[in-house]
Amino acid sequence: MDKRHHIDKTPARLDFIQSLTGFILALFISGHILFESSILISNDAMYAMTRFFEGYYFFGESHPVIISFLATAVLLIIIIHALIALRKFPSNYKQYKSIKNHIQSLNHHDTSLWAIQVITGFAMFFLASVHLYTMITLPNHIGPYASSDRVAGGMMWPLYLMLLFSVITHAGVGLYRLILKWGFFEAKEQKCMKQRRALLRIIMYLIITFYLLVGIFALAKYMNIGYEHNYKTGERYHPAGVSK
Amino acid sequence: MSKERVLKISILRYDPHVKGDKPRMETFEVTEAPGMTLYIALNDIRKHIDSSLKFDFVCRAGICGSCSMLINGKPALACSTLTAKLGEEITLAPLPTFELIGDLSIYTGNWMRGLNERLSTWIHNEEKIDTDTLEEKMEPELAEEIYELDRCIECGCCVAGCGTMQMNDNFLGAVGLNKIARYQLDPRDKRSDEDYYELVGDEDGVFGCMTLLGCEDVCPKNLPLQSKIAYLRRQMVKIGK
């Protein structure tokens, strides 16, 4: 047998890149939710966080363009991830009907989790794009008041709420599936594999619940600030002791 | 002792070879006996209620893989399914994907043969075998690992439990991927990494697998399908990087 024959390496690369981009995005969102939730600590904490990401503590002045740059990078990674993941979507009615019937009749936990990935992933084509476009074009409109105004007065909260549910679920389930797909944390014995998977699933649900709660509370806080502050939409926050 | 249960077994009846036959559900009542398996229940039905009911059995001990069917929507072997573990109402249907002979009887043989031919599931070794010399030794651990994967009975449960298969008829399924994992382990098989990649390194192979793990959860032989597919995926990514 000829051992040097040509092989098409693209399927291997696509599979790997899908997982890698998914992993990067999951890491990103796990940081993102925590950072934006600094509003739960105080306005000043969130303000400091904003300044940090604008590079204030590195350059001595704020560069919101850093946020634009980061958001563009995230959008690009999402586009790559979505493009590759599209391979796995049912692409015609026959496939859709067949997989839907399979999911319902098999009533199998991990198969159903995949369905959630497809639904939330599809939703984020639209939800995440809107959010990222705002971040790319208006990076200087982030802060305790500016963000709250966008959430409340700008009527972004329904979108953010849907996005929050989609992204946290998608990232949580995605990380769990990534672990299984590539064989991390496998039990040594086959008979323990199912227990291990059940354990991973519990951890996954705990992480999803934690992030959802933090995210919902943070969103509620932004809405609260936004509505209380609504009469002065557009006003920027200045921490005590810092001159305008 | 608790009262005897009367099982209501609903079976999807259809014979594609009978002109004008239409798929329909038929329900049979069977009095449960201690230690009853679906194999016994189905034979009971055929013997006492409807002799035209078609279903397959050979070994009735979970070894031959003939009696795989959808039991309440989940692929399993009828002979190793105790009715005591099921409710009073049981639904049976033939495994999808495979050619239907009639009722619960399916023809897995031609599908499996096609798969084995496609993957060349035999040892590839061009050296001439000298039957007068001793075989090369193999570590017991390795032999056991290979044997473990060789326990596959080709019942088709993993194929029926696979979501990918629903959308891609050409997918190899866990049964095919498991076989390649088995031959790749075997030092007697001289196929190169590239040869294996050519067999499973695409979306009909390991990269089509979406890790829904239906296969792992329905395999009646408890084969390590999840970990072997993950292993194969890592191997193929290494080759394809």
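Author: In this predicted model, B:L100 stands opposite B:I106 in β7(B).

Reader: How do you know that the length of helix α4 (residues 65-85) of chain A agrees with what its number of residues should span?

Author: The expected span is 1.5 Å times one less than the number of residues; for the 21 residues of α4 of chain A this should be 30 Å, and because the end C-alpha atoms are 30 Å apart, the two values agree.

Reader: Which residues of α4(A) are called buried, and which exposed?

Author: A residue is called buried when 20 or more other C-beta atoms lie within 10 Å of its own, and exposed when there are 12 or fewer. By that criterion A:I67, A:V74, A:I78 and A:H81 are buried, whereas A:V65, A:A73 and A:L76, on the other side of α4(A), are exposed.

Reader: Why are the buried residues of α4(A) said to line one face of the helix?

Author: Seen down the axis of α4(A), the buried residues fall within an arc of 65°, so they line one face. What covers them includes α1 (10-36), α2 (43-53) and α6 (109-137) of chain A.

Reader: What makes up the contact between domain 1 and domain 2 of chain B?

Author: The domain assignment gives domain 1 (6-106) and domain 2 (120-240), and their C-alpha centres lie 30 Å apart. Residues count as touching when their C-beta atoms lie within 7 Å, and 15 residues of domain 1 of chain B are in contact with eleven residues of domain 2 of chain B. On the domain 1 side, the largest share, four residues, comes from β4(B), and that side divides into nine nonpolar, five polar and one charged residue.

Reader: How many residues does each chain bring to the contact, and which element of chain A gives the most?

Author: The contact takes 32 residues from chain A and 34 residues from chain B. On the side of chain A that touches chain B, α5(A) gives the most, with six residues, and by class that side has twelve nonpolar, ten polar and ten charged residues.

Notes: Residues are numbered from 1 along each chain as its sequence is written. Chains are lettered from A and ligands numbered from 1 in the order in which they are written. This is a predicted model: local features need pLDDT of at least 70, side-chain atom pairs count only at pLDDT 80 or more; totals for chains, interfaces and linings use all residues. Domain bounds come from an automatic or database domain assignment. Two residues are in contact if their C-beta atoms, placed from the backbone, lie within 7 Å. Helices (H or I, at least four residues) and strands (E, at least two) are DSSP runs, numbered from the N terminus. Ala, Val, Leu, Ile, Met, Phe, Trp, Tyr, Cys and Pro count as nonpolar, Asp, Glu, Lys and Arg as charged, and the others, Gly among them, as polar. The arc is that of the directions from the helix axis to the C-beta atoms. Two strands pair if DSSP finds at least two bridges between them.
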